[in-house]
Amino acid sequence: MKLTLKIWRQKGPNDKGQMVTYPIDNIDGDMSFLEMMDVLNNQLIESGDDPIAFDHDCREGICGMCSLYINGEAHGPDRGVTTCQLHMRKFSDGETIYIEPWRAKAFPVIKDLVVDRSSFDRIMASGGFVSVNTSGNTVDANAIPVPKADADNAFEAATCIGCGACVASCKNASAMLFVSAKVSQLALLPQGQVEAADRVLNMVKTMDEEGFGNCTNTGACEVECPKGISLENIARMNREYMSAMVK
Amino acid sequence: MSVLDSKIPAGSLDRKWSDYKNKIRLVNPANKRSIDVIVVGTGLAGGSASAALAELGYSVKAFCFQDSPRRAHSIAAQGGINAAKNYQGDGDSTFRLFYDTIKGGDYRSREANVYRLAEVSANIIDQCVAQGVPFARDYGGLLDNRSFGGVQVSRTFYAKGQTGQQLLLGAYSAMSRQIGKGKIKMHTRHEMLDLVIVDGKARGIIARNLVTGEIERHSAHAVVIASGGYGNVFFLSTNAMGSNVTAAWRIHKKGAHFANPCFTQIHPTCIPVSGDHQSKLTLMSESLRNDGRIWVPKHMEDAEKIRTGKMKPTDLTEENRDYYLERRYPSFGNLVPRDVASRAAKERCDAGFGVNATGEAVYLDFASAIMRYGKEQANIQHLENPTESDIYKLGRDVVEAKYGNLFQMYYKITDDNPYETPMKIYPAVHYTMGGIWVDYNLMSAIQGCYVTGEANFSDHGANRLGASALMQGLADGYFVLPYTIGDYLADDIRTGTISIDSPEFIEAENQVRSQLEKLLNIQGTKSVDYFHKRLGKVMWDKVGMARNTQGLNEAIAEIQEIRNEFYQNVRVTGKMNEFNPELEKASRVADFLELGELMAIDALNRAESCGGHFREESQTEEGEALRDDDNYAYVAAWEYSGDVTKPNLHKEDLVYENIKLVQRSYK
Amino acid sequence: MSKSAILSSSIAKKYWMALTGLFLCLFLVGHLIGNLQLIFITGEEGKRAFNEYAHFMTHNPAIKALSYLTYFSIIFHSIDGIMLAIKNKKARPQNYAYNNPGANSSTPSRYMAVLGTLILVFICTHMANFWGKMHFDTIPLHTKTIEIPNEMGGEAQKVELYLTTKGDYVAAQQFEVRNETEFYVKDLDLKMGEGYKDLHGLVMSFFGQNKPGFDKNDLAPFAVILYMLAMATLGFHLWHGFSSAFQSVGVRVSSYKHPIEIAGKVFSVVVPGLFAIIPLIIYLF
């Protein structure tokens, strides 16, 4: 397969950056998108150019490190996958592919396609936990039965990988899906309910301070989320926030 | 006595840990505040250790090379975590978990460590549930369990196929709480490049800020290495692209012993290699073997037809299939331990029965599971005379609920629908049982330098059972290290902050800097990946699933050659003081090129077969691994001698007081 | 901290958007019912019904209170919306070189601020054309002309009557109108009653009909078209806004099969659609 790649190059946080065109040939449909990037980088290195920096790690769709905006969509045109699981068979010979970093004020570009997502960590540090210390004396795990439906819903919310595709896809660069996934997970479980009110207030406050936009309920985040995190979580967070506010 | 003092406490096996904990020295809360601990790595072992130490009051400085602690590769663990809870009432107990783990490890792990692991396993589940980890539950609201390879009870707790993710996010949230409080200072996108030893004690690290490229000095009263395993020495493995041996290797070169480096786990159920472009391999959870049946065609001509695409697997009738695990190991069947399953797959493929174009794949088939579950559902729903397709549909739904995400992953990667055609799988490098030698306190041979999780060698012997890695990482981090490190730090309550301006820090920093500059200045013609791939091929072919004297000797020579060429001809682009992923890779591959040789040396030294280490010279008539307990019931701990080609071997004899060593049998 | 969040937090801002938006939906229903009288009741009866309705809407104290709430909602919804839009714009300082949002979201959902601004412009002109004239301008009163046949033969005599708020008609020539709507006995300071401003006539003539006392609107075809475009804009705004409001206040609306989602789609088509056909019918018939 022969492709034309238009890739965002930016030397550092203060560089202006621009789209640069790279032709590439001999791409196999069984390659993952990142393997295609590897091929390009090896060519760049061997011709003495600076390879393209992009984030990636586990390459099996779970670490949330990879983060490319491909042809106008987070993680590319396929559904339910991260960029590392996107395969080149989804593209056709001769196609032009645009590759850009996540764009959001809260995700500043570090280099090329690499962005700084530490704002997510700061949101988590403001309340994304249950305040329980490690000890050998916590109650027996089966002492608190959790209805299966609640446990399953909490699990679904907890599968968020923190990749930031929701922010990247949202026209407002809103982090509501990410934040609501954690708020929901812990609000659904009895262990998390004790701190539920403080948690939602603090996490939303930090989210706002980090410069994410608001939710317009366009639903783009849900569509582009590689883990299919549901908008229901956002509705639940809205409820949680309301009840926390009037408390 | 050898130089290796394992410091195993005296007393009966089941009392050792509790008695030891009662006598261990403590540090009072006020003093803990003035004690710094560095933790390198934020996976299950490092993340849990950071959180637990910070909760206790220590000032923790945590480091990870990823952009967030949540991304450590523990997140990719799928199947589950073992714990001796006996919730299913199927006869499980601490002793049985201990015994299964020792046996699964082919009698090459330390009794006392493994018993302690089994003992604290139940606490892990309680702790994780308290943190809000959403484990799978049954309709009564209680925790569900499943079974894993090498055991005959259901003791594995799970969260669909994402147990590692859920546990890691639990540890990450515990860390986040401490980061918010300022008790953990988190350094993301930092890579540890050296350990600093002052007056014989580990007192800090040199780390590179991967964003700015700055070389930084960080001091502490103790250093914990939780940097994971070194499977990426094979280039292709199920490890993350960034997983590396650097932290462990650098402390090895500073005096820590590397134990049993040749013990590598080859996981039987991975998606086969599809081409030269492949950058990594993807694991399909071992839990699939609960329901999937593994087979190859019985007749060579069918295998050939399948390989060339002239026949489909679904065309083969039952009698023309060879369910070789069920045939060879009737009592454990498809649930034999990983090493056994992997070798059996290799044996069939080597014999010419492989089922993909490269001849390196076997089938994992869910057809009969789908029909079995379908019938069960039809009964539950009181369907009378359901048609085949009704049953198939019902069964498919059950399988989807259990393994849906794994099937989806398989489909996305291979473009084959596993509900309709059997999955193709092949063994791949997955986990490394070997690692830095530690004593009972998890301290390496360097005073104050602790090693936890996959980075150490201690609990899995020569083969790890499924769902035990998560257990070990969290046991070390939550329930072992926080106690044992206090005993050591009790001496440091008056030490005060460690200066980063001492000659030792300056010297270490200069060394790191010159090593990186050396790599940048080679300016050869080949990329880092080129050398990494070559190394990987040698390792896989000659230090992989089956090893022999000749191959290992060749491997040693070839690795040396690749290493020499690397230092003459590698091209590392970019500069030192910038975000430079190529430089990171080069520095990691440089360490793999040394470690690879040590693995071959260790494999050569161990002229027996055990667990994941299969020496062709040492097998039974039936082709099973043959241990040599008389000569090799020891831990091979290698000390850096100043020359990577000539490490010094120290042996820690493995003494079994509570169980009898027998030849493993899963028949 | 919870109290300060009521206005400033992103989620609370969305509550206000949702609540004011839903209230305005209610207002639309009320307004529509009133407007439908323009086409469903014809002749003097229709004229009378509409003018009485208009009078009721501007004079009833309870309705007045509601109307203030409506003004407030419009203003708040606008200001809050603008503030949200500004913050949202700031959240992505640099746009994508190539974006394909159509793949993951509906078009109206991405242009709520633009649609809302257009609607606000419409509301301003709409109020200037009708509400403002009704409140501040002197416009003809509701009159009715009857013919008294000349029994002597010859031409019938035309008599102009005023409709009073008491519901009866009085002969126009006996009175003079002061303060726009009050009837005084000619040359005496004696107030005999009050009339209705002829909003019906205002509307009819605005959309192209010839009504005595009103100037013919030469631009009526454009008025009709612009009005219909404005209603289309409103429809698109509601297409997303109606169900979105429920999501914002925590009622899950994420699937196309959800009753609220369906109700929202129906509402966004039917209500603006009915509004839109009224001027068309007036113009054509």
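Q: How many salt bridges are counted between chain C and chain A?
A: The count is 0. The model is predicted, and a salt bridge here needs a side-chain nitrogen of Lys or Arg within 4 Å of a carboxyl oxygen of Asp or Glu. The interface of chain C and chain A does have 29 residue pairs in polar contact, both at pLDDT 80 or more.

Q: Which helices of chain C supply at least two residues each to the side that touches chain A?
A: They are α1 (5–8), α2 (10–40), α4 (61–90), α5 (107–110) and α8 (220–248) of chain C. α2(C) gives the most, with 5 residues. By class, this side of chain C has 16 nonpolar, 17 polar and 7 charged residues.

Q: What makes chain C and chain A count as being in contact, and how many residues take part?
A: Contact requires heavy atoms within 4.5 Å. By that cut-off, 40 residues of chain C are in contact with 54 residues of chain A. The two chains bury about 3800 Å² between them, and carbon and sulfur atoms account for 53% of it.

Q: Why is chain B called as compact as a globular protein of its length?
A: The globule rule gives 26 Å for 667 residues, and the radius of gyration of chain B is 25 Å, which is close to that value, so chain B is as compact as a globular protein of that length. The C-alpha atoms of chain B fill a box of roughly 80 × 60 × 50 Å along the principal axes. Its secondary structure comes to 18 helices and 20 strands.

Q: What are the domains of chain C, and what separation do their centres have?
A: The domain assignment gives domain 1 (5–92 + 104–138 + 201–284) and domain 2 (143–195). Their centres, taken over C-alpha atoms, are separated by 37 Å.

Q: How do you know how many residues of domain 1 of chain C and domain 2 of chain C are in contact?
A: With heavy atoms within 4.5 Å as the criterion, 9 residues of domain 1 of chain C are in contact with 7 residues of domain 2 of chain C. The area buried between these domains is about 600 Å², with 40% from carbon and sulfur atoms. Glu44(C), Arg48(C) and His55(C) lose the most area on the domain 1 side, together 59% of what that side buries.

Q: What polar contacts and salt bridges does the rule find between domain 1 of chain C and domain 2 of chain C?
A: The salt-bridge count is 0, while 3 residue pairs are in polar contact, both at pLDDT 80 or more. On the domain 1 side, α3 (43–59) and α6 (112–136) of chain C each supply at least two residues, and the largest share, 5 residues, comes from α3(C). That side has 1 nonpolar, 3 polar and 5 charged residues.

Methods
Residues are numbered from 1 along each chain as its sequence is written. Chains are lettered from A and ligands numbered from 1 in the order in which they are written. This is a predicted model: local features need pLDDT of at least 70, side-chain atom pairs count only at pLDDT 80 or more; totals for chains, interfaces and linings use all residues. Side-chain values use heavy atoms; hydrogens and water are left out. Domain bounds come from an automatic or database domain assignment. Buried area is the accessible area (1.4 Å probe) that two parts lose on being put together, summed over both. A polar contact is a pair of N or O atoms within 3.5 Å; within protein, one must be able to donate a hydrogen and the other to accept it, and residues adjacent in sequence count only if both atoms are side-chain atoms. Helices (H or I, at least four residues) and strands (E, at least two) are DSSP runs, numbered from the N terminus. Ala, Val, Leu, Ile, Met, Phe, Trp, Tyr, Cys and Pro count as nonpolar, Asp, Glu, Lys and Arg as charged, and the others, Gly among them, as polar. The radius of gyration is taken over C-alpha atoms; the globule rule is 2.2 Å times the number of residues to the power 0.38.
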